[in-house]
Amino acid sequence: MSSNQVIQALYDDDDVLLSAVKSIREEKHHIEEVYTPFPVHGLDKALGLEETRISIMAFIYGCIGFAVAILMMNYIMIEDWPQNIGGKPSFSYIENMPAFVPIMFELTVFFAAHLMVITFYLRSKLWPFKAAENPNPLTTDDKFLVEIELHNNEKELKALLKKTGAIDITLIEKTGRS
Amino acid sequence: MYTFTNKLRNLSIILMVIGFLGLTYGFLTAPNTVEQANAMVADGHGDGHGGDHGAGTHDNHPVVDKADAHADDKHHNETAAHEDHHQGGHGEAHDKDAHGEDHHGEHLLHQLQNKPWAALYVAAFFFMMIALGTLAFYAVNRAAQAGWSPALFRVMEGITAYLLPGALIVFVILALSGMHFNHLFIWMDPEVVAHDKLIQGKVGFLNVPGFLIRALIYIGGWATYRYFSRKFSLAQDQADDISNHKKNFRISAGFLVFFIVTESMMSWDWIMSIDPHWFSTLFGWYVFASMFVSGITTIALITIYLKSKGYLEKVNDSHIHDLGKFMFGISIFWTYLWFSQFMLIWYSNIPEEVTYFITRIEDYNIPFFGMLIMNFIFPLLILMNSDYKRVNYIIVMTGIVVILGHYVDVFNMIMPSAVGDQWFIGIAEVGGFLFFLGLFIFVVFKEISKAPLHAVGDPFMGESERFHY
């Protein structure tokens, strides 16, 4: 039974924001989302967010890149078109392996980096031509915004937010989006 | 204040005594005559050590056909393998002057006589290198005005106390080589130089007086920096202003310039010249990476030890985490340099250069590839996980493997040219390691006990205490 009303509090300092988030959560209010112009150190812990699993994915992607590099070089240099380069005939992968190490390394990094970025975008529901969800353009400049769901507790919440140092508090009726 | 416990002192003395006995045994059992040397190797073959490779590499007369049989599985290395037999080690001089009957035996005698010296030298150099790497790490932190590390400065200063005694021991060994007590450095032998055009061309740099004077300059510079930075660091604890800190910053920046030049030249002099025909332009960096990672690992091990005894209460697991990151990162850096050196030489396959790796792969297969596992694969897989870098026992376990791995690295740099295929990690080698380990523990913990472990005066101490990842 969530209402469509949310309250948005604006802060102008990341330290104030961090302590505000802590006291809001102590009062057992549910924070929907926090919008910040830059990553705030320790905010994920203060919000109680689950730890990211992207590092595990990075390792898996790296392993995929490593395997792709081995298979690719084996096909290109050994199976499909073996050549004699510098007196080192390409008849065996393992004997020519040192020459392929830079490629194995680069593809590991390439796969890990690119797939990680793509995973991050998909997971954050960001894709090309997507309309911005950002409720207030100031959060792309120098302000921080905390969005809290309302459950007929407007007065209490407003007082709390004032006390935590919010510079501006607005009530928003959300339509359409859940 | 830390007190050097009797238990630890006794341990270090016991290690020194055992190590000394091991080294003495090594020196006493070294052969004096060609006959003894031949007899020893005949026994050694019975033990299954040495084996066919030894015959292929060192019977110099029927060299061509044996080398062919030897290299048939890797025909692309054939030319290089031949060159190996002509150029490798100090076999050459004895080949060319061809007077005596038993070249092989004489060659063998030299190798076996070198063996205890090389065991002593590898261990002496390795522990000196740990102190030097730590000094470089300390200077980097000082010059960068790092905020996280002041809580560890006293540990680092303790470790670098070993630098002067350790380097002087190395110097004594080098001086004894210069006086022909051993044949570690064949270019010191005028008999060899007389028959060797390549070494003759290098006499301007590779001559005993110049070699020893350079060594004194390196050691003097390092020890002077270490003396003053320690002095300023202790003075800063009592001072009201930060002038000592600023002085330390300045001399650290200056030292780093001096260090990277002298470290590089030191590695040419003390290691690369053991193999005077071979050269690698990134050797200095490679040795540096090895000493840097050994030094950082030692800092982590000693920090964890002191913390387990209840000292260093300001050091939290974020500091350990950062040391773990450095261990991880510099291990990969080491591998990068090792591979860069290996791949270029392997690819270009120039006989003069490639002999270096052929002797190592053929005669030192297990330490050569084992070192890669210990120094690269193992720390890579274990320390990759962020949480593991905060777990003390994982850092200790990985640290011990990395330290041993870099001992093997130094072993691989020195042994092949000094003793050829007659290597063995036996009583003399283990003895050398234990002796210098004992000395290292004794000197380092004595120095740590001399000053408060907490550098209260450091202007970045507050930041270091609050440091969290």
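Author: Two residues are in contact if their C-beta atoms, placed from the backbone, lie within 7 Å. This is a predicted model: local features need pLDDT of at least 70, side-chain atom pairs count only at pLDDT 80 or more, and totals for chains, interfaces and linings use all residues. Residues are numbered from 1 along each chain as its sequence is written, while chains are lettered from A and ligands numbered from 1 in the order in which they are written.

Reader: Which residues does M16(B) touch, not counting residues up to four places away in sequence?

Author: M16(B) belongs to helix α1 (residues 6–29) of chain B. Helices (H or I, at least four residues) and strands (E, at least two) are DSSP runs, numbered from the N terminus. Leaving aside residues up to four places away, M16(B) touches F435(B), G438(B) and L439(B).

Reader: How many other C-beta atoms lie within 10 Å of M16(B)?

Author: A residue is buried if 20 or more other C-beta atoms, placed from the backbone, lie within 10 Å of its own, exposed if 12 or fewer, and partly exposed in between. M16(B) is partly exposed, because its number is 19.

Reader: How are α1(B) and α19(B) oriented to each other?

Author: Axes are lines fitted to C-alpha atoms, for helices over the stretch in contact, and angles run from 0 to 180 degrees between N-to-C directions. α1(B) and α19(B) have axes 7 Å apart and pack at about 150 degrees. Angles under 35 degrees count as roughly parallel, over 145 as roughly antiparallel, 65 to 115 as roughly perpendicular and the rest as oblique. So α1(B) and α19(B) are roughly antiparallel.

Reader: How many nonpolar residues are in the contact of α1(B) with α19(B)?

Author: Ala, Val, Leu, Ile, Met, Phe, Trp, Tyr, Cys and Pro count as nonpolar, Asp, Glu, Lys and Arg as charged, and the others, Gly among them, as polar. The contact of α1(B) with α19(B) has seven polar residues and one charged residue. Its nonpolar residues number 19.

Reader: Is the crossing of α8(B) and α19(B) left-handed or right-handed?

Author: The axes of α8 (residues 153–160) and α19 (residues 427–448) of chain B come within 7 Å and cross at roughly 140 degrees. The pair is therefore oblique. A crossing is left-handed if the near helix is turned anticlockwise from the far one by less than a right angle, and right-handed if clockwise. For α8(B) and α19(B), the crossing is right-handed.

Reader: Which residues of α19(B) meet α8(B)?

Author: The contact of α8(B) with α19(B) holds four nonpolar, one polar and two charged residues. From α8(B) come R154(B), V155(B), G158(B) and I159(B). Their partners in α19(B) are V444(B), E447(B) and I448(B).

Reader: How many nonpolar residues does the contact of α7(B) with α13(B) have?

Author: Helices α7 (residues 103–143) and α13 (residues 243–270) of chain B have axes that come within 8 Å and cross at roughly 150 degrees. That makes α7(B) roughly antiparallel to α13(B). Residues in the contact include F125(B) of α7(B) and W270(B) of α13(B). Beside two polar and one charged, the nonpolar residues number 11.

Reader: Is S308(B) buried or exposed?

Author: S308(B) is part of helix α14 (residues 283–308) of chain B. Its C-alpha atom is 9.5 Å from that of N392(B), 84 residues apart along the chain. S308(B) has 11 C-beta neighbours inside 10 Å, so it counts as exposed.

Reader: What is the phi of L312(B)?

Author: Most residues other than glycine have a negative phi. L312(B) lies in the loop between α14 and α15 (317–348) of chain B. L312(B) counts as buried, because it has 22 C-beta neighbours inside 10 Å. L312(B) is not a glycine, yet its phi is positive, at about 55 degrees.

Reader: Is F129(A) buried or exposed?

Author: F129(A) is in the loop between α4 (97–123) and β5 (144–149) of chain A. Though not a glycine, F129(A) has a positive phi of about 70 degrees. With 4 other C-beta atoms within 10 Å, F129(A) is exposed.

Reader: How far apart are the C-alpha centres of domain 1 and domain 2 of chain A?

Author: Domain bounds come from an automatic or database domain assignment. Chain A is divided into domain 1 (5–37 + 142–173) and domain 2 (54–123). Their C-alpha centres lie apart by 48 Å.

Reader: How many residues of chain B are in contact with chain A?

Author: By class, this side of chain B has five nonpolar, two polar and one charged residues. Chain A contributes eight residues, and the chain B residues in contact with them number eight.
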